[in-house]
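Thanks for coming. I will keep this short and go through one structure part by part. Please have it open as I talk.

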Protein chains: 2
Amino acid sequence: MASARIVDLLSQGQPGQTVVVRGWIRTARQLKEFTFVEVNDGSCLKGIQVVLGQELADYEMLAKQLDTGAAIAVEGQLVASPAKGQRVELQAASVEIVGGADPEQYPLQKKRHSFEFLRTIAHLRPRTNSLGAVMRVRNAAATAIHDFFQERGFLWVHTPIITASDCEGAGELFTVTNLDLDKLGQSQQAPDFEQDFFGKRAYLTVSGQLEAEIMGLGFSNVYTFGPTFRAENSNTSRHLAEFWMVEPETAFCDLGGDMDLAEAFLKFVFQRVSDRCSEDLEFFNQRIDSEVLNRAETILNNDFERVSYTDAIALLEKADRSFDYPVAWGIDLQSEHERYLAEEYFRKPLIVYDYPREIKALYMRLNDDQKTVAAMDVLAPGIGEIIGGSQREERLGVLKQRLAEANLPEENYWWYLDLWRYGSVPHAGFGLGFERLVQFITGMGNIRDVIPFPRTPQNAEF
Amino acid sequence: MASARIVDLLSQGQPGQTVVVRGWIRTARQLKEFTFVEVNDGSCLKGIQVVLGQELADYEMLAKQLDTGAAIAVEGQLVASPAKGQRVELQAASVEIVGGADPEQYPLQKKRHSFEFLRTIAHLRPRTNSLGAVMRVRNAAATAIHDFFQERGFLWVHTPIITASDCEGAGELFTVTNLDLDKLGQSQQAPDFEQDFFGKRAYLTVSGQLEAEIMGLGFSNVYTFGPTFRAENSNTSRHLAEFWMVEPETAFCDLGGDMDLAEAFLKFVFQRVSDRCSEDLEFFNQRIDSEVLNRAETILNNDFERVSYTDAIALLEKADRSFDYPVAWGIDLQSEHERYLAEEYFRKPLIVYDYPREIKALYMRLNDDQKTVAAMDVLAPGIGEIIGGSQREERLGVLKQRLAEANLPEENYWWYLDLWRYGSVPHAGFGLGFERLVQFITGMGNIRDVIPFPRTPQNAEF
């Protein structure tokens, strides 16, 4: 008999139904006459309560093997549950221990474990409540991202991971190579990347934006959703060397349209996760961060404030408090500034736009004031910047001038410049770090706990 | 006024409606009294026909700029079209040339271009009919993959791209490094990977399977869909150094269930693409490969034959024809064998299962005959192997023995072995190369033309 999913049984199962449940034991409580076992299959936070009575064949032998972590298959009948908080429980008619878990050895015993410890057993932590909930939220958010864009006619485009373009001051790039590094060490020569796999030096991408622009100029509306990389030696709770990023690109779109899209996008994802993962969100709110549900409400029920960088600076200058980083027009907003605006002044999400050109990337469209560019950042209470975007510079002459000012050779950008030679159009896009979003939704404090197998300095285990 | 999508106008637009269309000119034909312009926005294969009459303000000036490749915005009224094959056309009331395209320079003039040439301008080829159709099919297939698994309760899991596990004889791995390679060249020493970013040697993944198994043992049903890599120096029409792979993993599942899943999966994807991209498939059938529509029919309307490897060998031995590679029990099936079975003998897709253990990976479950493993390959007419899968070896003792036989040290696999120590269950999964699937659906001959920016030996441009 095929397994029933526990999430379906708990929400829709009817007393009297005969079902088979397959999953892993979370807890077992032996009473005098029977044993209660909570079985979880990962489909939802809660397990189903299974009741094993003494009338079961092999009850004595079974009862000895009902260890936390063991895999079990149970056939039986659903019955109305007398226990609080569950509609039905499963009265076992036959039970099979599929795979045992030695209680002397299995690391995930009933007690709570620290997230630090769980990272050392990332191959087992999917079986815990917290990581289980994270992964379900992650899946719901990832799927929501696809649905949001697909419903609006955006194509999912797969931009390359391996790239030979060292994109706009991209900081720290990992090199991808097939050279014999042992031989290179002995060579007394600089590496000859012409002999490497791609015939030139290649890196892991830090952004799919430029390639997304290419696709946007043919399909009007596209988005990427894939892994990106930073070889940044930052051992913090907010940095990963490998993370997933979402980057939409819209042709015939200005900064206003970009802000509209970003706001609709965030609301869609929060709505979906609230709909599909309410039990998991309750769990985070109770156990991890008591602002989780409030934060979702704030996102869903507010129009995002829009304020120019210049006005934001004025608000910060007038603020009745001091900042560690002094405020003046031209500075990059620091976390304390962003949080003051989002959490104290507006008390809701806001979008700051038209930043000074000096602190933003040169592909961003120069405004008529020649001082600012059409950039925008979405700032939210509880996290600060969550989305960064811009209208792109589509005027060939302006872009060439900005490359020259930055001493960047045009020939490195020949194909990018071609886009603005032939059928150039105003267009805009944004970027969102997916793991930051999952942190924001769940309140998880460390980014290493919202991705299955984090890659960080000194760590590529599993 | 917001742009209307051309795909919507062509299918549902009503004469009399006032709309704005924004897109790129594919062709312009100047007649005496008016000009016909075909405008495409990438939302579908066909463009909309725009009629510019002499009564337009600036008609003379406009007419000179209606070049192939130029971006254009047109406001006007839909009218019933007298032309064959289109319901409506757009009578322009005002026209703006958004971005020109110098006809002396723009490489995509009206004539047909070879795919080889188009690869050299991969930044412009999304604007061609063929690449446009490929990318729409690619998007529809990719979305179908998510929908198929999500509807069945599978979680999308993001397995790592950077890995320190050199997985089962994975052949050619790219190294990912942050070492200073110039310095290494001068060092007269072997590279010290303990000083590298991850503290040990790291690679680009060739498969997410092992990590998917970890997740499957917590969530029961999971799948990966992400990039994978091979540093294989194969300059063929079927190999990419970077490609996307789909890998589901199902707990409490045997090889039979795995075959059921693979068959349902392929049918779902073909059905979706047939529903959503019928116009693009017609195009491929007409211009690229006249078997495209037949192939889709064959997939959709047949139960896949299931035949054991041993029976397949017997069929091949009895075949009334000779093969370049002689047939005997124990050989790996060659393309000619696979195609004979799929195209000549069964004339439909088939699944060959229970292969000799010697020619398959050691994580595949050993059958009771001790000679074969629970592996399966889906073979289809016109392409050969499209899916490869297996039930995994979940018995700790058997797996340890197979590692020992292969001289692989257990400590390299400590976390993988842990899975079978604690709550081990029968489970199975498969792998599908996404670009091979897109080739199969579209009939495109070269895999470099079904991914936006192919990575191959000597090529990481764009």
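Predicted model: local features only at pLDDT ≥ 70, side-chain atom pairs only at ≥ 80, totals over all residues.

Let me begin with the contact between chain A and chain B. How many residues does each chain give to the contact? Chain A gives 114 residues and chain B gives 114 residues. The size of an interface is often given as the accessible area lost when the parts come together. Here chain A and chain B bury about 9,000 Å² between them. Carbon and sulfur atoms account for 64% of that area. On the chain A side, the residues that lose the most area to chain B are A:His158, A:Phe197 and A:Tyr422. Together these three make up 9% of what that side buries.

What about charge and polar pairs across this interface? The number of salt bridges between chain A and chain B is 0. Polar contacts are there, though: 36 residue pairs between chain A and chain B, with both residues at pLDDT 80 or more. If you want an element to look at, take helix H4 of chain A, residues 129–151. Helix H4 gives 11 residues to the side of chain A that touches chain B, and that is the most from any element. By residue class, that side of chain A has 56 nonpolar, 37 polar and 21 charged residues.

The two chains also pair through strands. Strand E8 of chain A, residues 175–177, pairs with strand E8 of chain B, residues 175–177. The sense is antiparallel, and there are 3 bridges. Which residue of E8 in chain B is the bridge partner of A:Val176? The partner is B:Val176.

Now to chain A by itself. The assignment divides chain A into domain 1, covering 6–106, and domain 2, covering 127–170 + 206–449. The C-alpha centres of these two domains lie 45 Å apart. The contact between them takes 8 residues from domain 1 and 8 residues from domain 2. The area buried between the two domains of chain A is about 710 Å², and carbon and sulfur atoms give 43% of it. On the domain 1 side, A:Arg26, A:Leu45 and A:Tyr106 supply 69% of the buried area, more than any other three residues.

Which salt bridge belongs here? The count across this domain interface is 1 salt bridge. A:Lys46 forms a salt bridge with A:Glu279, with the closest N and O atoms 3.5 Å apart. The domain 1 side of it divides into 3 nonpolar, 3 polar and 2 charged residues.

Over all chains, the salt bridge count comes to 40. One further example is A:Glu344 with A:Arg321, at 2.6 Å from N to O. A:Glu344 sits in helix H11 of chain A, residues 335–345, while A:Arg321 is in the loop between helix H10 (309–318) and H11, 23 residues apart.

Next, the strands. In chain A, strand E5, residues 88–99, has two pairings to point out. With strand E3, residues 48–53, E5 pairs in the parallel sense over 2 bridges. In that pairing, A:Val51 has A:Gln91 as its bridge partner. With strand E4, residues 71–80, E5 runs antiparallel, joined by 10 bridges. There, A:Gly76 is partnered by A:Ala92.

Chain A also has an open sheet of 8 strands, with mixed pairing, in the order E6-E10-E11-E16-E15-E14-E13-E12. Which strands are at the edges? They are strand E6 (155–156) and strand E12 (305–308) of chain A, each pairing on one side only. E12 of chain A is joined by 4 bridges to strand E13, residues 350–356, and the two run parallel. A:Ser308 has A:Tyr353 as its bridge partner in E13.

In chain B, 8 strands form an open sheet with mixed pairing, in the order E6-E10-E11-E16-E15-E14-E13-E12. Within this sheet of chain B, strand E11, residues 242–251, and strand E16, residues 427–433, pair in the antiparallel sense over 5 bridges. B:Thr250 stands opposite B:Ala428 in E16.

That is the end of the tour.

Terms used. Residues numbered from 1 in each chain as written. Chains lettered and ligands numbered in written order. Heavy atoms only, no water. Contact = heavy atoms within 4.5 Å. Buried area = accessible area lost by both parts, 1.4 Å probe. Salt bridge = Lys/Arg side-chain N within 4 Å of Asp/Glu carboxyl O. Polar contact = N/O pair within 3.5 Å; in protein donor to acceptor, adjacent residues only side chain to side chain. Nonpolar A, V, L, I, M, F, W, Y, C, P; charged D, E, K, R; others polar. Pairing = 2+ DSSP bridges. Domains from an automatic or database assignment.
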